[in-house]
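The following note sets out several points on the structure shown below. Each point concerns one element or region.

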Amino acid sequence: MKIKKLHDWDMTPSQAIALQRELAQKVSVCGTLPDIHLVAGADVWHSRTSGMGRAAVVVLSYPDMQLVEVSRSEGHCHFPYIPGLLSFREMPLLLSAFEGLENIPDLILMDGQGLAHPRRLGIASHLGLFLNKPVIGCAKSRLIGEYTALDESAGSFSDLYHNTELIGRVMRTRQGVNPLFISVGHKICLEEACSMVAECCRGYRLPEPTRQAHLAAAELI
DNA sequence: GCGACAG
DNA sequence: ATCTTGTCGC
C-alpha cells in the first residue's frame with residue numbers, strides 16, 4: 001500500500017518528544033468506521049543479540065478471521081527502546097512491511113498504545129497518521145494511566161484515566177488472563193475500538209490480527 | 001531524589 | 001521485546 005512520508009526518523013530523543021507534541025494535534029480521536037472487510041494486525045520482533053528486528057503485518061478477512069496476506073520487513077533497529085518513544089524504534093520497519101501490502105486493510109490493530117501515552121501519541125496513533133487509516137492501540141501492559149480492578153470474567157473492563165482524562169479501557173478478553181489495554185489510535189472512537197477488539201477475539205487472550213502478527217513476526221507462520 | 005516505564 | 005521445555009492450573 002502507498003504511504004505518505006510525514007517526516008524523517010533520524011533525530012534525538014528530545015527532538016522526537018517535540019515532534020510527538022506536534023503530531024498529537026493531528027490525531028482524530030473519533031470517527032465512524034466504514035464497512036469492515038479486511039483487518040490488519042502488526043507487530044515487531046527484536047533479536048536480543050544482534051540489533052536486528054523483523055516487522056510483520058497480517059491481513060485477515062472480517063469477520064471470518066482467515067489469513068489473507070502476510071508482509072514482513074527485516075533490518076537493523078537504530079533507535080533504542082525508550083518508554084514513550086517506541087514508535088521511533090519500530091515504525092521504520094513497520095512502514096516497510098505495510099508498503100509491501102497488496103490488500104489494503106480497512107482497520108489496523110497495533111500492538112502498543114494509542115492515546116494512552118504521556119503525549120497522546122503512542123505507536124498506534126503515530127501509525128494511523130502515516131497510513132491515514134483507522135488504527136486501534138492494543139497493548140499487553142500499561143504505560144500510563146490509573147484504573148480500578150476489574151472482574152476475572154471474560155468481557156469485564158475498567159476505564160483507564162490519566163488524571164481526569166479518559167485515555168483508554170482495560171479489557172479482559174478471556175477469563176483468568178491479564179487484561180489488554182485498548183486505546184484510540186486514529187480515526188476511531190474508544191467504544192468502537194473496544195467492540196472491534198472483542199469481535200476479533202477467537203478464544204485467545206489476543207485478538208486474531210494481533211496474535212497472528214505476533215506469530216508471523218517470529219516466523220511461525 | 002525516587003520509582004515507573006508500551007516493546 | 002528476546003532466550004526456551006516442561007510443568008502447573010483452570
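A residue is called buried if 20 or more other C-beta atoms lie within 10 Å of its own, exposed if 12 or fewer, and partly exposed in between, with C-beta atoms placed from the backbone. Helices (H or I, at least four residues) and strands (E, at least two) are DSSP runs, numbered from the N terminus. The model is predicted: local features need pLDDT of at least 70, side-chain atom pairs count only at pLDDT 80 or more, and totals for chains, interfaces and linings use all residues. Residues are numbered from 1 along each chain as its sequence is written, while chains are lettered from A and ligands numbered from 1 in the order in which they are written.

1. Helix H3 spans residues 123–131, and nine of its nine residues are buried. They pack against helix H1 (13–23), helix H2 (86–99), S4, S5 and strand S8 (180–186); contact here requires C-beta atoms, placed from the backbone, within 7 Å. Asn132, which follows H3, has a positive phi near 55 degrees.

2. Strand S8 is largely enclosed by the rest of the structure, because seven of its seven residues are buried. Strands are said to pair if DSSP finds at least two bridges between them. S5 and S8 are antiparallel and share five bridges, with Cys138 partnered by Ile182 of S8. Strand S7 (residues 165–171) also runs antiparallel to S8, through three bridges, and Val170 lies opposite Phe181 there.

3. The largest nonpolar core has 54 residues, of which Val57, Met110, Ile136 and Val197 touch the most other members. Such a core is a set of buried Ala, Val, Leu, Ile, Met, Phe, Trp, Tyr and Cys residues joined through C-beta atoms within 7 Å. With neighbours within four places in sequence set aside, Val197 contacts Ile136, Cys138, Met171, Ile182 and Pro207.

4. Helix H5 (residues 208–217) is mostly covered, with nine of its ten residues buried. Among these are Glu208, Arg211 and His214. The cover includes strand S1 (38–46), strand S2 (52–61), strand S3 (67–76), strand S4 (107–110) and strand S5 (135–139). Just after H5, Glu219 adopts a positive phi of about 60 degrees.

5. Which residues are around DNA strand C? They are Trp45, His46, Ser47, Arg48, Lys140, Gly176 and Ala218, the criterion being a C-beta atom, placed from the backbone, within 6 Å of the strand. By class, this surface has two nonpolar, three polar and two charged residues.

Note on methods: Two residues are in contact if their C-beta atoms, placed from the backbone, lie within 7 Å. Ala, Val, Leu, Ile, Met, Phe, Trp, Tyr, Cys and Pro count as nonpolar, Asp, Glu, Lys and Arg as charged, and the others, Gly among them, as polar.
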